Amino acid sequence: MEFTVKLADAQSRVIIEKGCHARLKDYFSHTGRVMVISDDNIPAGLKETVLNQFDGAILAEVPQGETAKSFEVYGNLLTTLLENGFSRKDLVIALGGGVVGDLAGFVAATYKRGCRFISIPTTTLSQIDSSIGGKVAINLNGIKNCVGSFYHPEIVFVDIDTLKTLQPRHFYNGLVEALKAGCIRDAQLFGIFKDHAHEISADSPYLEQIITKSLLIKRDVVQQDEKEQNLRKILNYGHTIGHAIESVYNLHDYYHGECVANGMVMICEDAQIKSDLVEILGRMHIPFVKEMDMEKCIEFIKNDKKASGDAIDVIKVDRIGEAYIEKIKIDELRKYFGS
């Protein structure tokens, strides 16, 4: 399957096809320099498959996890591009999960004011959510995605076969973003999780449908509101509290999707939806945060880029498939902690 994300000044082709990462030049042409940015946990064979398709391609490996989204790593990557004579017409490829996509995209966006950029997401989280939409960023002082921009990849290659290399915790972590998409926009997608959460795996017949539905939901929202002025904010369901939990735990102990899952449950005020979420997440082996410093979370939320003065827009769902935005005082968020 292939579709296009069409925006005012850019567009991204999204290709969903098994084995597509091994046939990149079937979909685009490039004769210049190539740098593949990946992390040290991606299988060597996958890296070699991508590198071998381009003469003289450079591999830049970064540490696995959020620590890679630092100014130091970002600066080292820019220096490598410069020392190897990359121009704006040359190509950066992100090969990995959401962290690699965020980092590589920000490098591509800012090197000489923008060079070519292609994404090959290899995790459920990146295939379902972060690979499209154009948000690229690094972290600052423990605050997630504090420095960033909008920069869309020319092409996103979604190869579901790459998910077979994931450990179960990473696999289910990313599926939370699909569950979120069902909550805010697609009751049928939510129903797949409600009926089949215990059956979903890398070999599941439901997986491609889940990924495709999630990406199409995000495409439709982003096309209507690229720069998150209004509608796109609904994609942040569970994220305000979730990002704060990530920051409190130094972007380390809990994964992004796990924190978002906790945020979704905590912000939910409908008893039936909350019960369904807890049951689904339990079947997906998502851990619930046992202890958190509420006051530290509130302080991180005050520094959230979506905060405005003493208030912040929070996404709520009272009916599956329908999300709405509510502006509340940040201090009032305390009532959701421990719920």
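Predicted model: local features only at pLDDT ≥ 70, side-chain atom pairs only at ≥ 80, totals over all residues.
One of the residues involved is Asp-313, whose bridge partner in strand 12 is Lys-327.

Both strands belong to an open sheet of three strands, ordered 10-11-12 with antiparallel pairing. Its edges are formed by strand 10 (307–308) and strand 12 (322–329), each of which pairs on one side only.

## Nonpolar cores

The largest nonpolar core comprises 71 residues, and those with the most contacts inside it are Val-14, Leu-175, Phe-193, Tyr-237, Leu-277, Met-284 and Leu-333. Helix 5 (residues 168–185) is the element that gives the most to this core, with nine residues. Another core, of 25 residues, lies apart from the largest one and includes Tyr-74, Val-100, Tyr-111 and Cys-115.

The surroundings of Leu-277 illustrate the packing. Beyond its neighbours within four places in sequence, Leu-277 is in contact with Leu-179, Cys-183, Phe-190, Tyr-237, Met-264 and Val-265.

## Helix 3

Helix 3 (residues 98–110) has 13 residues, which at 1.5 Å a residue should span 18 Å; the end C-alpha atoms are 18 Å apart, in agreement with that expectation. Twelve of the 13 residues are buried, so helix 3 is largely enclosed by the rest of the structure.

The buried residues of helix 3 include Gly-98, Gly-101 and Gly-105, together with Val-99, Val-100, Leu-103, Phe-106 and Val-107; Asp-102 is also among them. Lys-112, which follows helix 3, has a positive phi near 50 degrees.

## Aromatic arrangements

Seven aromatic pairs are found in a search of the whole structure. In one of them, the ring centres of Phe-71 and Tyr-74 are 6.4 Å apart and the planes stand at 80 degrees; the pair is therefore edge-to-face, given that an angle over 60 degrees places a pair in that class. Phe-71 and Tyr-74 both belong to helix 2 (residues 71–83) and are three residues apart, about one turn of the helix. Phe-71 is partly exposed, with a relative accessible area of 43%, whereas Tyr-74 is buried, at 12%.

Elsewhere, Tyr-27, Phe-28, Phe-54 and Phe-157 form one aromatic cluster. A charged side chain also takes up a position over a ring: Arg-169 lies over the face of Tyr-255, at 4.2 Å from the ring centre.

Key:
Residues numbered from 1 in each chain as written. Heavy atoms only, no water. Core = buried A, V, L, I, M, F, W, Y, C linked by side-chain atoms within 4.5 Å. Buried < 20%, exposed > 50% of the residue type's maximum accessible area, 1.4 Å probe, protein only. Helix = DSSP H or I, 4+ residues; strand = E, 2+ residues; numbered from the N terminus. Contact = heavy atoms within 4.5 Å. Phe/Tyr/Trp six-rings, centres within 6.5 Å; stacked < 30°, edge-to-face > 60°. Lys NZ or Arg CZ within 6 Å of the ring centre and 35° of its normal. Pairing = 2+ DSSP bridges. Expected span 1.5 Å × (residues − 1).
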